[in-house]
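Look at the sequence and the structure shown here.

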Amino acid sequence: MPAWLVALLCGLATYLWRGLGVTLSGGLRTESPVFVWVGCVAYAMIAGLIARILLMPGGTLEQTMLADRLLACAAASAVFFFGGRNLFYGVVTGGTALVILHWARQAMA
């Protein structure tokens, strides 16, 4: 099967589900207990993923120390909460802090 046809079919399948979601979402109550539960599960999954990345990282992040990852996470959280809950500033601060801490630790070694 040609690659362009696979890409076209994948795009159609993706937009079909998106279209159904948009069509069906108009009649849903977002304050219902089911949506509250789904929101809680989503936050729990994100918290679990963040904890796993911090405590049991894989790949390149595995080369960094736990203290550096925790400090970078604390800096990112502080900037996020005290900076008007701006996700972009929090992510950039966390990434920058981790790189600086890692470079500083390697320079001292």
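The accessible surface of the protein comes to about 8700 Å² in this predicted model, and 75% of that area belongs to carbon and sulfur atoms. Of the 109 residues, 11% count as buried, where buried means under 20% relative accessible area.

The overall dimensions come next. The radius of gyration of the protein is 20 Å, whereas a compact globule of 109 residues would have a value near 13 Å. Along its principal axes the C-alpha trace spans about 55 × 45 × 25 Å.

The secondary structure consists of 4 helices and 0 strands, so the order from the N terminus reads α-α-α-α. Among contacts with a separation of 6 or more, 38% are between residues 24 or more positions apart.

Now take helix H3, residues 66-82. At 1.5 Å a residue, its 17 residues should span 24 Å, and the end C-alpha atoms are 24 Å apart, which agrees.

Which residues of H3 are buried? They are Asp68, Arg69, Ala72 and Ala76. Seen down the axis of H3, these buried residues fall within an arc of 100°, so they line one face of the helix. An α-helix has 3.6 residues a turn, and therefore residues three or four places apart point the same way. After H3 comes Gly84, which has a positive phi, near 80°.

How values were computed
Residues numbered from 1 in each chain as written. Predicted model: local features only at pLDDT ≥ 70, side-chain atom pairs only at ≥ 80, totals over all residues. Heavy atoms only, no water. Helix = DSSP H or I, 4+ residues; strand = E, 2+ residues; numbered from the N terminus. Rg over C-alpha atoms; globule rule 2.2 N^0.38 Å. Buried < 20%, exposed > 50% of the residue type's maximum accessible area, 1.4 Å probe, protein only. Contact = heavy atoms within 4.5 Å. Areas by Shrake-Rupley, 256 points an atom, 1.4 Å probe, with all protein chains shown as cover. Expected span 1.5 Å × (residues − 1). Arc of directions from axis to C-beta.
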